[in-house]
2 protein chains.
Amino acid sequence: MLIRIDPTSDTALYDQVAASVRAEMASGRLAAGDRLPVAREVAASLAINVHTVLKAYQNLRDEGLVDMRRGRGVVVTDAAASLVLLTEDIRALVGRAAALGLSPATLAALVKEITV
Amino acid sequence: MLIRIDPTSDTALYDQVAASVRAEMASGRLAAGDRLPVAREVAASLAINVHTVLKAYQNLRDEGLVDMRRGRGVVVTDAAASLVLLTEDIRALVGRAAALGLSPATLAALVKEITV
DNA sequence: ACCTATTTGTCCGTATGTATG
DNA sequence: CCATACATACGGACAAATAGG
């Protein structure tokens, strides 16, 4: 499992960690049943706090992407599979946007605006 | 605003705080537009940590019951009004359960089971 | 049935950032 | 510019659930 963060980014660390995990799910490298690395180890390897990693994991749990249990760890749920399908749709959308001369960034802005 | 906790209870402190606020909303003592007491003061008066209160508040925000903004505080949303209505339904349900010889505790267990 | 290691859950304390008024 | 109050991140400690020997 590869989790990366950019300390210079202005997005919250726990959001970066969660996004990193989601990306792994979307790519299929993390599938249902797979276990996420132990929070404390992730924190150590990224040189951030355990609480920060746990908050990321808990957010993923709130999204239904993982199950968390004491002594058992964090396990990817079936919901992660739909992320893979969603990714294909997103890619297609980005492609259509690109064909229209719209960058992924502006597309993201549009999506965000509509979501809100 | 009255927020009470029972240190001897086995439910998490932040859950007790959140439940206390929800009760105020359900009773109508806290209505839309009202402001929740500052987290730091609540923590001080209950002799618990600010984070514990903030976590309770953040949970309430995730439920859509309050709005939280830096420098402005925590404000009750319109969604709180529906809590009042819901309370009436709950009371009615408890009444029907009681008529059937079921205690609120067993009713709660049933509700929980169905929810899950 | 017991014990131990693992791993998340909760709580505390502190510090700094940042939007609001 | 200043005070307020939540947001984020760090650090540490102990509890509780799970798994495995």
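How many residues does H1(A) have, and how far does H1(A) reach from its first C-alpha to its last? H1(A) has 15 residues and reaches 21 Å. That is close to the 21 Å expected at 1.5 Å a residue, where the expected span is 1.5 Å times one less than the number of residues. This is a predicted model: local features need pLDDT of at least 70, side-chain atom pairs count only at pLDDT 80 or more, and totals for chains, interfaces and linings use all residues. Residues are numbered from 1 along each chain as its sequence is written, while chains are lettered from A and ligands numbered from 1 in the order in which they are written.

**Chain A overall**

- The secondary structure of chain A comes to five helices and two strands. Helices (H or I, at least four residues) and strands (E, at least two) are DSSP runs, numbered from the N terminus.
- From the N terminus on, the order of elements is α-α-α-β-β-α-α.
- The C-alpha trace of chain A spans about 50 × 35 × 25 Å along its principal axes.
- Chain A has 116 residues, and 20% of them count as buried. A residue is buried if 20 or more other C-beta atoms lie within 10 Å of its own, exposed if 12 or fewer, and partly exposed in between; C-beta atoms are placed from the backbone.
- Take the contacts in chain A between residues at least 6 apart in sequence: 49% join residues at least 24 apart. Two residues are in contact if their C-beta atoms, placed from the backbone, lie within 7 Å.

**Helix H1 of chain A**

- The buried residues of H1(A) are A:Tyr14, A:Gln16, A:Val17, A:Ala18, A:Val21, A:Glu24 and A:Met25.
- These buried residues pack against H3, S2 and helix H4 (79–99) of chain A.
- Just after H1(A) comes A:Gly28, with a positive phi of about 90°.
- A:Thr11 sits in the segment before H1 of chain A. A:Thr11 is exposed because 10 other C-beta atoms lie within 10 Å.
- A:Thr11 and A:Arg22 are eleven residues apart in sequence, and their C-alpha atoms are 15 Å apart in space.

**The strand pair of chain A**

- Strand S1 (residues 66–69) and S2(A) pair in the antiparallel sense over four bridges. Two strands pair if DSSP finds at least two bridges between them.
- A:Val66 stands opposite A:Val76 in S2(A). A:Arg69 has A:Gly73 as its bridge partner in S2(A).
- S1(A) and S2(A) form a hairpin with three residues between them. In the turn, A:Gly71 has a positive phi of about 80°.

**The surface near DNA strand C**

- DNA strand C is surrounded by 22 residues; the closest are A:Gly71, B:Leu13, B:Asn49, B:Thr52 and B:Gly71. A residue is near a molecule or strand if its C-beta atom, placed from the backbone, lies within 6 Å of it.
- Two or more residues each come from helix H2 (39–46), H3 and strand S2 (73–76) of chain A, and from helix H1 (13–27) and H3 of chain B.
- H3(B) gives the largest share, three residues.
- This surface divides into ten nonpolar, seven polar and five charged residues. Ala, Val, Leu, Ile, Met, Phe, Trp, Tyr, Cys and Pro count as nonpolar, Asp, Glu, Lys and Arg as charged, and the others, Gly among them, as polar.

**The surface near DNA strand D**

- Around DNA strand D there are 21 residues, and A:Leu13, A:Asn49, A:Thr52, A:Gly71 and B:Gly71 come nearest.
- At least two residues each come from helix H1 (13–27) and helix H3 (50–62) of chain A, and from helix H2 (39–46), helix H3 (50–62) and strand S2 (73–76) of chain B.
- Here the division is nine nonpolar, seven polar and five charged.

- Most residues other than glycine have a negative phi.
- A:Ala47 has a positive phi of about 60° although it is not a glycine. A:Ala47 lies in the loop between H2 and H3 of chain A. A:Ala47 counts as exposed, with 8 C-beta neighbours inside 10 Å.
- B:Ala47 has a positive phi of about 60° too. B:Ala47 is in the loop between H2 and H3 of chain B.
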